[in-house]
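Open the model in your viewer and keep the selection tool ready.

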Number of protein chains: 2
Amino acid sequence: MIKLRDLEYLTAIAEYKHFGRAADACFVSQPTLSGQIQKLEQRLKLTLIERQPRNVMLTPAGEKLVQQARQVLNAARNFEEAAKSLLDPLSGDLHIGLIPTLAPYALPHIMPSLNSKLAKINFYLHENKTQDLLDQLTTGKLDILILPWLPDMTGFERYDLFNEPLVMATSPSHVLANKSQVTFDDLHNQKILTLEDGHCLRDQAMGYCFSAGAEEDHSFRATSLETLRYMVASNMGITLLPQLATLNYAPQQHIHYIPFANPKPMREIVLLCRTGYARMESVRAVVNEVRQAVKGLFD
Amino acid sequence: MIKLRDLEYLTAIAEYKHFGRAADACFVSQPTLSGQIQKLEQRLKLTLIERQPRNVMLTPAGEKLVQQARQVLNAARNFEEAAKSLLDPLSGDLHIGLIPTLAPYALPHIMPSLNSKLAKINFYLHENKTQDLLDQLTTGKLDILILPWLPDMTGFERYDLFNEPLVMATSPSHVLANKSQVTFDDLHNQKILTLEDGHCLRDQAMGYCFSAGAEEDHSFRATSLETLRYMVASNMGITLLPQLATLNYAPQQHIHYIPFANPKPMREIVLLCRTGYARMESVRAVVNEVRQAVKGLFD
DNA sequence: AATATCAATAGATATTAACTATGATAAAAC
DNA sequence: GTTTTATCATAGTTAATATCTATTGATATT
């Protein structure tokens, strides 16, 4: 039977394409790693690594087996995590991935209670675009994602957290600024400022706006919600913001936030983790705390 | 890092609930296994096994970790199989699960070409009820299933093989015996002989018949299609048989097989394997051969 | 009370993964 | 064209440890 150590060596080579550095990463000497890899190749009767001078690379067979090896190592990590979590259920490290249009506005509401109620869990927060988060969840770099649900997010465990309305943001001098509600029809022919590509908020907000007959301002795409907010304040256009991003920001920045009349555009914020993840107790605890924490934020 | 050997010991104990027998299964002495399990428990700081005199059992923590351990061992097996299959892609052992209402009638059509075209693969055939097959596929005891598709079979890779019509079987003296086609309405108030519980053909055929107003003969449930066939021949009632079970059987047994008018009742025969299974080449080859082999059997 | 069953312990042995030191080879530098 | 550097392979040694056999201890069963 294969040894887990061998698989670690193999994946390290795949990562670094360099025996010395891979050996360092495994905390062994280079000859040790070289020798073990050779033995592995002999046992499997396969050449896994192409040793060109100054250029180490994997053979096709090597690539394939590295994938399998990562699966095994992930399962082994799961075993150890499950063991630790049995010893002390709500403890250990938990890596949470969030998207940039949610993290800075939601975290102030949820992290205090997470940190106090689940004090033995160390929360690591990672901000990234949706697709990267999903990849990192799959590979095990992240344990939990909190993001707006999209229908193609299959193959994960899903927990609904809350529905976040999008609201209209205008400068005080804008024609819509003093309405108490914005209707679908109000959007007709309005010019909308948007985020740059890759933000799921962009796709979602634009979908809503276009179907209402609004137009995107193609001359500008913001890299963050804050940029967008400043543009709106400078009377360059209007935009849609998630409601969490509008709390405690209104007075000082001369922006009017106006809710939509029904049907309100919404983001369905969910928590995802891998199906079969070893620490479901921690996940469920987080889900409960987040639900508690946002209770009452949305009417 | 945990060792795979430890996980094998743990799962062996889970299987045999007996140190001696588990040790035999692992090809080591009993003290070796005892010692390693103890070390494992110390490392994890968890009691995994309850050692009652003459009664070895797992603690709840043990049960949980055994599950995780099996995952790891499955992944490791996958790695080794992937390696072997890279060495010689279409070779090795392949365990195929089939249901009893399909296997004896389909295998004569498909095994000859599988054995000749994929001569280096050793095919092991397992006949069992659907739910058992799915469990065994999940746990890795089986590599491939061939059975009628049901909507709850999620989480596997699926390949459509062929659609098998069901046909009406009657004795020659039955009122429907000499029709060239049976319609939905012909079933009204007919008495249908059925298989015993657990056969998916029973559920499927009955679903069709009941919706047509037919009635089940509650006084009798057959344990196999062959019993059913004899009952029909003895003029005890009529039944629905999958078409493959009617080929080359008609003349000698005095049964009339009558096709249905559209919409024909159908079984959608699919091939399932685990997603991410390491030997997809072999699976695809089997899929292709089976599709070839049944081509022309159904008009 | 005697015996059988079964897991734990003790001590010896063999395997092997790891180390340090060195060698070999080819690209890069002068 | 020679030297230097980078990089992986080889050799020999050491330390760790999984395994074995033999035995003990404890508890049901007869």
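A residue counts as near a molecule or strand if one of its heavy atoms lies within 4 Å of it. This is a predicted model, in which local features need pLDDT of at least 70 and side-chain atom pairs count only at pLDDT 80 or more, while totals for chains, interfaces and linings use all residues. Residues are numbered from 1 along each chain as its sequence is written, chains are lettered from A and ligands numbered from 1 in the order in which they are written, and side-chain values use heavy atoms, with hydrogens and water left out.

**Stop 1: DNA strand C**

Select DNA strand C and the residues around it: there are 22, and the closest are Tyr9(A), Ser29(A), Thr32(A), Lys39(A) and Arg51(B).

At Phe19(B), show the backbone, where an N or O atom lies 3.1 Å from a phosphate oxygen of DNA strand C.

Next, colour the elements that give two or more residues to this surface: helix 1 (4-16) and helix 3 (30-44) of chain A, and helix 2 (19-26) and helix 3 (30-44) of chain B. Helices (H or I, at least four residues) and strands (E, at least two) are DSSP runs, numbered from the N terminus.

**Stop 2: the largest cavity**

A cavity is a set of points, on a 1 Å grid over the protein atoms alone, where a 1.4 Å probe fits but cannot get out; its lining residues have an atom within 4 Å of a point. The largest one has a volume of about 60 Å³, volume being the space filled by probe spheres set on the points. Select helix 7 of chain B, which gives the most to the lining, four residues. Among the lining residues are Leu193(B), Arg202(B), Met206(B) and Leu240(B).

**Stop 3: the second largest cavity**

Move to chain A, where Leu193(A), Arg202(A) and Leu228(A) are among the residues lining the second largest cavity. Its volume is about 40 Å³. Helix 7 of chain A supplies the largest share of this lining, four residues.

How values were computed: Polar contact = N/O pair within 3.5 Å; in protein donor to acceptor, adjacent residues only side chain to side chain. 1 Å grid on protein atoms, 1.4 Å probe; cavity = no way out; pocket = protein on both sides within 12 Å on 5 of 7 lines; lining within 4 Å.
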